[in-house]
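Hi everyone, thanks for coming. I'd like to walk you through a structure that may be new to you, so please have a look at it with me.

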Amino acid sequence: MKIFIIITLSILVTANLFGQKKANLEGIEIGDIAPEIELPTVDGDDFRLSQLKGQVVLVTFWASWCAPCRKKSPELLEVFEKYHNTDFEDGENGFEIVYVSLDKNQIAWKNSIKKDSINVFVNVGDMKGWKSATAKTYNITRIPSSVLLDGEGEIIALNLSPQDLKKKLKRMKKGGWWWF
C-alpha cells in the first residue's frame with residue numbers, strides 16, 4: 001500500500017511539473033508599472049509606451065487573423081471615441097488604445113487596420129508573431145489580451161471586456177459616479 005501511494009504521488013507531482021504551461025500575462029500584476037513597449041508603428045515611426053504618460057492607456061494584444069480580436073474592435077472604437085478627450089479624476093488627460101500586433105504578415109495587418117477603421121488607435125508591431133519580444137515580456141499566451149494603465153503607467157486592470165472597460169473609465173472620469 002505504501003509503495004502504491006508513493007508511486008501515485010510521484011506520478012502526480014511529475015505530471016504537474018511537466019504539464020504546467022505559462023499562464024497568460026503571468027507576472028503582469030495590478031499595481032505594477034507596465035513594462036516599456038518599444039515597437040514601430042504601422043507607419044514605420046518609433047513608438048514608446050512611455051510617450052503616453054499622463055493618459056489612461058489600454059494596451060491590447062491582437063492579430064489580424066484573430067476573429068475574437070477583430071470582433072472586439074468596433075466596441076473598443078466606441079469606447080475610444082467616447083473617452084479619448086476625457087479628463088480623469090487622478091489628473092490623466094485623455095484615453096489611448098495601443099494595439100500591439102502579433103501578426104507576421106504586414107500586408108494583412110495594414111489591411112485589417114484599414115478595414116476595421118482602427119487607424120485612430122496607436123497600431124504597433126514588429127511582425128514577429130508570437131516571437132515578438134513585447135509578447136514575451138508581457139507573457140502573452142493567448143489573444144486578445146489587454147492591460148489597462150493609469151497616467152503613471154501603473155497597471156490598474158487586466159483583460160477587461162469592452163463593457164467592463166466602459167464602466168471602469170466612467171468611474172475614473174472626472175466627476176464620474178463611482179457606483180455605476
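This is a predicted model: local features need pLDDT of at least 70, side-chain atom pairs count only at pLDDT 80 or more; totals for chains, interfaces and linings use all residues.

The protein has 180 residues, and 42% of them count as buried. How many helices and strands does the protein have? There are 5 helices and 7 strands. If you follow the chain along the sequence, the pattern reads α-β-β-β-α-β-α-β-α-β-β-α.

Now to the cysteines. The count of disulfides comes to 1, and the partners are Cys 66 and Cys 69. As a reminder, a disulfide is a covalent bond between the sulfur atoms of two cysteines. Here the sulfur atoms of Cys 66 and Cys 69 are 2.3 Å apart. The link is right-handed, with 75° about the S-S bond. And are these two cysteines buried or exposed? Both Cys 66 and Cys 69 are buried.

Which residues form the negative one? That patch is made by Glu 26, Glu 29, Asp 32 and Glu 154. Let me pick out Glu 29, which sits in the loop between helix H1, residues 2-19, and strand E1, residues 38-40. Glu 29 has a relative accessible area of 45%, so it counts as partly exposed.

On the positive side, there is a surface patch formed by Lys 104, Lys 128, Lys 131 and Lys 136. One of these, Lys 104, also lies in a loop, this time between strand E4, residues 95-101, and helix H3, residues 106-115. With a relative accessible area of 63%, Lys 104 is exposed.

My last stop is Phe 121. Where would you look for Phe 121? You'll find it in the loop between H3 and strand E5, residues 122-124. Why does Phe 121 count as buried? Because its relative accessibility is 4%, and the cut-off for buried is under 20%.

How values were computed: Residues are numbered from 1 along each chain as its sequence is written. Side-chain values use heavy atoms; hydrogens and water are left out. Patches are made of residues with over 30% relative accessible area and no salt bridge: like charges are joined within 9 Å, nonpolar side chains (Val, Leu, Ile, Met, Phe, Trp, Tyr) within 5 Å. Accessible areas come from the Shrake-Rupley method with a 1.4 Å probe; for residues, only the protein chains shown count as cover. A salt bridge is a side-chain nitrogen of Lys or Arg within 4 Å of a carboxyl oxygen of Asp or Glu. Lys and Arg count as positive and Asp and Glu as negative; His and the chain ends are not counted. The place of a charge is taken as NZ of Lys, CZ of Arg, CG of Asp or CD of Glu. Helices (H or I, at least four residues) and strands (E, at least two) are DSSP runs, numbered from the N terminus. Buried means under 20% relative accessible area, exposed over 50%, partly exposed in between (1.4 Å probe, protein chains only). A disulfide is a pair of cysteine sulfur atoms within 2.5 Å.
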